[in-house]
Amino acid sequence: MNIHKNNKGATLMELIIAVVIAGIVLLMIMTFVNSASNSFKLANEEVNIQIEAQTIINQLSNLAMEAMDMESHTDLTGNKRFIFKYAVDDYYVIVIDEEELYQIKASSLEDAKENPYNKEDHFLAEYVYQLDIEKTSNDDAVVIDLTLSFGSDRENMIKTVKFRNHN
């Protein structure tokens, strides 16, 4: 039995083919990882905006639930204000300024309508695309319509909240 051993090794052409095949496999793996990373990022942003919307609607619901009444007002700067009356000299105000919400405590209706606020001390939420709070036809509840926007994601929530302390 005569066995011939070929000790020449790999040719340059074989090495080039092996490197090209390895490059194609690595490119496919990198494309898959990049796609999975982008999908995760988008899903994470969507979940975060949903959580933020739920948190804000809960805060606004709690504020409205304990109020006696609510009215809306546009201040001198053009910002929409939602004024919740708690007692004779006790008001909470939600101000929408660009895409941010602020909460202010006021001791009179006049202060509630025009009181300036510190953005750092009164900050409530961001990414607010739209906020509407309207009283129902029988004036014993409010409908909160909130839309948040972050990137291409939008989350809309609508909730009706009945006043506990309505007159």
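What we have here is a predicted model, in which local features need pLDDT of at least 70, side-chain atom pairs count only at pLDDT 80 or more, and totals for chains, interfaces and linings use all residues. Residues are numbered from 1 along each chain as its sequence is written, and side-chain values use heavy atoms, with hydrogens and water left out.

Let me start with the helix. Helices (H or I, at least four residues) and strands (E, at least two) are DSSP runs numbered from the N terminus. Helix α1 covers residues 12-65, and at 1.5 Å a residue its 54 residues should span 80 Å, which agrees with the 79 Å between its end C-alpha atoms; the expected span is 1.5 Å times one less than the number of residues. Among the buried residues of α1 are Ile 49, Ala 53, Ile 56 and Leu 60. Val 33 also lies in helix α1, but Val 33 is partly exposed, with a relative accessible area of 46%.

Now to the loops. Which residue sits in the loop between β3 (90-97) and β4 (100-106)? That is Glu 98, which has a positive phi of about 55° although it is not a glycine, and which counts as exposed at 69% relative accessibility. Asp 139, in the loop between β6 (128-135) and β7 (141-150), has a positive phi near 60°, again in a residue other than glycine, and at 33% relative accessibility Asp 139 counts as partly exposed.

Definitions and conventions:
Buried means under 20% relative accessible area, exposed over 50%, partly exposed in between (1.4 Å probe, protein chains only).
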